[in-house]
Amino acid sequence: MKSKILDGKAVATAIENDVRNKVYDFENNYGEKITLATIVIGDDKASKTYVKMKSKACERVGIHTREYVLPSFTTEGLIKIIETLNEDPEINGILLQHPLPKNIDEQKCFDKISEEKDVDGLSSHSFGKMAFGENAFGAATPTGIIKILDFYNINIEGKKACVIGRSSILGKPISAMLLNRNATVTLCHSKTKNLKEEIQNSDIVICAVGRPELIKKDWFKEGAIIIDAGYNYVNGKSVGDAESPEGIASFYTPVPGGVGPVTIATLLENTLKAAQKQKENINQKNKQYIKGGK
Ligand code: NAP
């Protein structure tokens with residue numbers, strides 16, 4: 001079978017072009033810059049690299065960043081920073097880079113990010129709203145995966161989808177998103193028996209494990225759609241969670257160049273949307289105030 005590559009860079013470029021135009025319009029309309037606050041705590045090299053890539057992407061589309069890189073911190077200290085940023089009218093979105101050092105209560109900190117600035121969609125309230133199908137920022141990586149499928153007009157409804165990995169940033173939210181799009185979803189994890197069988201029965205497979213090439217090429221059903229979100233370094237090379245499904249899959253994302261670029265583009269889009277929504281809210285409040293004054 002001839003497999004088609006789902007080119008994440010092409011999807012990301014299309015999103016970035018659209019965001020760049022809208023950021024330009026926003027600045028012209030309001031005379032204000034859109035600003036994303038980024039927070040990295042600890043010494044995780046990968047986190048620092050990811051945030052650098054996100055800042056560069058912001059620069060490409062005209063979004064400003066305010067960067068906080070802190071060697072170590074406490075949960076209480078971090079919460080204070082987040083609360084200050086929540087109140088800061090110059091900040092439109094807050095990105096708290098995962099993973100945080102073990103001494104910090106990560107979810108507690110995500111949950112302190114105000115809903116309107118939670119552009120990475122990792123708070124419990126954003127997750128809950130998204131899972132209920134309400135309007136909220138979805139976590140960037142799973143939202144990016146849905147964007148890839150939509151970009152290539154891949155129908156989700158009625159398909160059997162298998163998600164491998166159940167983290168709250170990736171496996172769980174992508175399962176809820178696929179379910180919201182009427183897929184029949186199986187969510188697998190380290191205690192799943194017969195992983196191979198679950199994969200063999202699936203039309204769409206989302207790999208979100210973080211184990212290099214754990215999933216073998218011959219586990220996939222002929223014609224399946226494979227999205228590999230895994231990003232692992234082996235001998236200086238980045239590899240996914242699955243062996244390349246070239247020749248078996250109908251469509252698949254490469255590693256690198258698949259899910260990663262779209263994750264970043266989604267963050268940009270969410271930051272723009274957050275800024276637009278904040279302006280709408282202010283306009284509405286002003287209108288109510290004027291009405292009330294009459
Ligand atoms: P994580 O928090 O470590 O979660 C890994 C999940 O995989 C867990 O649910 C774990 O199950 C499951 N798992 C581990 N071994 C397994 C096995 N042998 N069989 C089945 N399931 C197994 O990882 P994550 O943060 O979700 O990240 C997953 C991967 O995605 C990593 O490679 C990461 O780098 C990548 N990622 C990429 C992007 C991007 O933008 N491209 C963004 C985020 C993450 P248990 O729950 O039972 O332990």
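Mentor: The model is predicted. The chain holds nine helices and 11 strands. Its radius of gyration is 20 Å, close to the 19 Å that the globule rule gives for 294 residues, so the chain is as compact as a globular protein of that length. Its division is into domain 1 (31-114) and domain 2 (140-260), with C-alpha centres 28 Å apart.

Take the cis peptide bonds to begin with. One joins His-98 and Pro-99, with omega at about 0°. Pro-99 sits in the loop that runs between strand S4 (93-96) and helix H4 (106-112). Another cis bond links Val-255 and Pro-256, again with omega of about 0°. Here the loop containing Pro-256 lies between strand S11 (251-252) and helix H9 (259-293).

Now turn to the phi angles. Asn-153 is not a glycine, yet its phi is positive, about 55°. This residue belongs to the loop between helix H6 (140-151) and strand S5 (160-164). Is Asn-153 buried or exposed? The relative accessible area of Asn-153 is 70%, and the cut-off for exposed is over 50%, so Asn-153 is exposed.

Glu-213 is not a glycine either, and its phi is positive at about 50°. Its loop connects strand S7 (204-207) with strand S8 (225-228). The relative accessibility of Glu-213 is 33%, so Glu-213 counts as partly exposed. For the chain as a whole, buried residues make up 47% of the 294.

Notes
Residues numbered from 1 in each chain as written. Predicted model: local features only at pLDDT ≥ 70, side-chain atom pairs only at ≥ 80, totals over all residues. Heavy atoms only, no water. Helix = DSSP H or I, 4+ residues; strand = E, 2+ residues; numbered from the N terminus. Rg over C-alpha atoms; globule rule 2.2 N^0.38 Å. Buried < 20%, exposed > 50% of the residue type's maximum accessible area, 1.4 Å probe, protein only. Domains from an automatic or database assignment.
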